Amino acid sequence: TNTCRQQISLASCGASSHVKIADDAKEAIQVCVSEFINFISTVANNRCHRDYRKTVTPKDVLAAMTSLGFGDYIEPLIVFLNKHQAQQDLERGSMNQLGRR
């Protein structure tokens with residue numbers, strides 16, 4: 001999608017100002033990322049089915065990543081999830097305040 005291409009372009013900007021990434025390389029990265037997400041999601045979804053649940057939670061995704069050998073990424077992801085949750089809480093608070101006026 002366009003958003004994925006924009007993210008890849010942004011990421012490539014940090015590499016070097018004189019490095020260009022070919023379109024087919026960008027497409028290959030998109031395919032790999034999509035497959036990775038699908039792989040993690042499938043394992044997380046299987047965990048939900050095993051626990052008789054229908055909703056995949058962040059905890060399921062982190063457990064799936066750990067079981068697949070990506071444990072080194074768990075701590076930074078938890079930090080990100082905590083920051084994201086805090087931001088969501090702030091936005092919900094702002095929306096609730098707007099509704100009270």
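View 1. Of the contacts in the chain between residues at least 6 apart in sequence, 28% join residues at least 24 apart. The model is predicted. Of the 101 residues in the chain, 12% are buried. The accessible surface amounts to about 8,300 Å², and carbon and sulfur atoms account for 58% of that surface.

View 2. Ile29, Val33, Phe36 and Ile37 form a nonpolar surface patch of about 320 Å². Phe36 belongs to helix α2, which spans residues 23–50. Phe36 counts as partly exposed because its relative accessible area is 34%, a value between the 20% limit for buried and the 50% limit for exposed residues. An α-helix has 3.6 residues a turn, so residues three or four places apart point the same way.

**View 3. The largest pocket and its lining.** The largest pocket contains about 160 Å³ of space. Phe36 and Ile37, which also take part in the nonpolar surface patch, are among the lining residues of this pocket. At least two lining residues come from each of α2, α3 (58–67) and α4 (74–100).

**View 4. Buried residues of helix α3 and the residue that follows.** Asp60, Leu62, Ala64 and Met65 are buried in α3. Just after α3 comes Gly69, with a positive phi of about 95 degrees.

View 5. Asp60 sits in helix α3. Why does Asp60 count as buried? Asp60 has a relative accessibility of 1%, and the cut-off for a buried residue is under 20%, so Asp60 falls in the buried class. Leaving aside residues up to four places away in sequence, Asp60 touches Ala44, Arg47, Cys48, Arg53 and Thr55. Val43 lies 17 residues from Asp60 in sequence, and the C-alpha to C-alpha distance between Asp60 and Val43 is 8.4 Å.

Conventions: Residues are numbered from 1 along each chain as its sequence is written. This is a predicted model: local features need pLDDT of at least 70, side-chain atom pairs count only at pLDDT 80 or more; totals for chains, interfaces and linings use all residues. Side-chain values use heavy atoms; hydrogens and water are left out. Patches are made of residues with over 30% relative accessible area and no salt bridge: like charges are joined within 9 Å, nonpolar side chains (Val, Leu, Ile, Met, Phe, Trp, Tyr) within 5 Å. Accessible areas come from the Shrake-Rupley method with a 1.4 Å probe; for residues, only the protein chains shown count as cover. A salt bridge is a side-chain nitrogen of Lys or Arg within 4 Å of a carboxyl oxygen of Asp or Glu. Helices (H or I, at least four residues) and strands (E, at least two) are DSSP runs, numbered from the N terminus. Buried means under 20% relative accessible area, exposed over 50%, partly exposed in between (1.4 Å probe, protein chains only). Contact means heavy atoms within 4.5 Å. On a 1 Å grid over the protein atoms alone, a cavity is a set of points where a 1.4 Å probe fits but cannot get out, and a pocket is an open set with protein on both sides within 12 Å along at least five of seven lines; lining residues have an atom within 4 Å of a point. Grid points are joined across faces, edges and corners, and a volume is the space filled by probe spheres set on the points.
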